[in-house]
Amino acid sequence: MAGSAPGSRWRRFEPRWWPAYVAVALGCVIGLVSPLLPRADAQPGTSTTGFATPFAGAPAFAGLAPPKSTAAELVNEPLGAERTERIAAAIGLSSRDTLSERQFRELISGGGTGGKRDAAQIIDACLQILTNTAGRPMFGGSVLGSYGLYVTREGLLQSPANASAPTRQVNSLLAPGGYVGTWLRANGATDTLLALYRSAYTVEVPFGFVAQQTSGAAQLVRNTKDSVTTTVGMSMAPPLWIVNFALLYVVKPSLAAAMPAYWTPIPPMVAAAIEASPSGQVSFADYATNFR
């Protein structure tokens, strides 16, 4: 990176960071500067998005997150390249900050210097879960990205923020000193790591962390707008969606472009079942007909 020494810049960041999740999901999150963390007992705030604090995230970036779908054809619609580049620019990222095609392939295959296949499999699974939109079905042909849900190989319906999800398990790989940061620095991608830290990613992660810590096993979130309250999976709440967008963008912009462009309420019967489940999971086969 021109004008600075990457190694010294990294050392200024690392001592102040501590492990946390995202999400979003996305589930795919890392640690952050603790003074930015909103209080867990803070009073809910208002937001034009309909999400309350901390689920609304930073006001400056709330408008970049997906709006609620207003028509059936918008459900599970992918973001697309043009909107992806606009959002990336708005959060402080550009194509110059992304991995090369070779680096991307090595990251998801466990190749490169210090690569590990088991870690790569978790990362690859995250990318699939967070891009489960039209044309990118998962198990059983399920396409549920806009709902903030996905179906596991075992046929279970759950939030990507569920404790069992790769998008939650990846936290240890993303934490400072963990696999991902070590791999990026060892494989010529320190500038990508620093660009991520300079972006809105570091502003949104604290909100996502508190949101997840207060959402129990179900990892669902309420939205109240125009006196209507609905429920969606945690990965579609603004701070987690933006954090996951930033992560996918620096890995490969076309993956960010495949993320959901709109969020859609989970059918009430399904949301109630997930919230009633001790594990935050239900059989997809029992509820598949509730989805469009």
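# A tour of the predicted model

Begin by selecting Arg83 and Tyr262: Arg83 lies over the face of Tyr262, at 5.7 Å from the ring centre. The model is a predicted one, and residues are numbered from 1 along the chain.

**Aromatic pairs**

Next, show the rings of Phe, Tyr and Trp. Five aromatic pairs turn up in a search of the whole structure. Select Phe51 and Trp263, which make a tilted pair with 5.5 Å from centre to centre and 55° between the planes. Phe51 sits in the loop between strand E2 (32–33) and helix H2 (81–90), and Trp263 in the loop between helix H11 (253–256) and helix H12 (268–276), so this pair ties together parts that are 212 residues apart in sequence. Phe51 and Trp263 are both buried.

Move on to Trp241 and Phe245. Their ring centres are 5.4 Å apart and the planes stand at 20°; planes under 30 degrees apart count as stacked, so this pair is stacked. Both residues belong to helix H10, four residues apart, which is about one turn of the helix. Trp241 has 1% relative accessibility and counts as buried. Phe245 is buried too, with a relative accessible area of 0%.

Then select Tyr147, Phe284 and Phe291, which ring pairs link into a cluster.

**The loop between E2 and H2**

Return to the loop that holds Phe51. Pro54 is also placed in the loop between E2 and H2. Look at the bond between Thr53 and Pro54: this peptide is cis, with omega about 5°.

Further along, select Asn76, again in the loop between E2 and H2. Asn76 has a positive phi, near 65°, in a residue other than glycine. With a relative accessibility of 7%, Asn76 counts as buried.

Select strand E5 (220–225) and strand E6 (228–233). E5 and E6 run antiparallel and are joined by six bridges. At one of these positions, Lys225 stands opposite Val228 in E6. The two strands form a hairpin with two residues between them, and Asp226 in the turn has a positive phi of about 55°. Ser227 is found in the loop between E5 and E6 as well. Its phi is positive, about 65°, although Ser227 is not a glycine. Is Ser227 buried or exposed? At 77% relative accessibility, Ser227 counts as exposed.

**The second largest pocket**

By type, the lining of the second largest pocket holds nine nonpolar, five polar and three charged residues.

**The largest pocket**

Now turn to the largest pocket, with a volume of about 320 Å³. Ala125, Ile129, Phe139, Arg153 and Pro166 are the closest to its centre among the 16 residues that line it. Which element gives the largest share of the lining of the largest pocket? H4 does, with five residues. H4 and E4 each supply at least two residues of the lining. The lining of the largest pocket divides into seven nonpolar, six polar and three charged residues.

**The three-stranded sheet**

From E4, bring in its neighbours. E3, E4 and E7 make an open sheet of three strands in the order E3-E4-E7, with antiparallel pairing. Strand E3 (150–151) and strand E7 (282–283) stand at the edges with a single partner strand each, so one side of each is left without a neighbour in the sheet. E3 pairs with strand E4 (residues 156–158) over two bridges in the antiparallel sense.

The last stop is the second largest cavity, where about 80 Å³ of space lies. Its lining has 13 residues, and Ile129, Leu130, Gly145, Ser235 and Pro260 lie nearest its centre. Ile129 was also listed for the largest pocket. Helix H4 (117–130) and helix H10 (238–251) each supply at least two residues of the lining of this cavity. Nine of the residues lining the second largest cavity are nonpolar, four are polar and none is charged.

Terms used. This is a predicted model: local features need pLDDT of at least 70, side-chain atom pairs count only at pLDDT 80 or more; totals for chains, interfaces and linings use all residues. Side-chain values use heavy atoms; hydrogens and water are left out. On a 1 Å grid over the protein atoms alone, a cavity is a set of points where a 1.4 Å probe fits but cannot get out, and a pocket is an open set with protein on both sides within 12 Å along at least five of seven lines; lining residues have an atom within 4 Å of a point. Grid points are joined across faces, edges and corners, and a volume is the space filled by probe spheres set on the points. Ala, Val, Leu, Ile, Met, Phe, Trp, Tyr, Cys and Pro count as nonpolar, Asp, Glu, Lys and Arg as charged, and the others, Gly among them, as polar. Two strands pair if DSSP finds at least two bridges between them. Rings of Phe, Tyr and Trp (its six-membered ring) pair if their centres lie within 6.5 Å; planes under 30 degrees apart count as stacked, over 60 as edge-to-face and the rest as tilted. Buried means under 20% relative accessible area, exposed over 50%, partly exposed in between (1.4 Å probe, protein chains only). A charge sits over a ring if NZ of Lys or CZ of Arg is within 6 Å of the ring centre and within 35 degrees of the ring normal.
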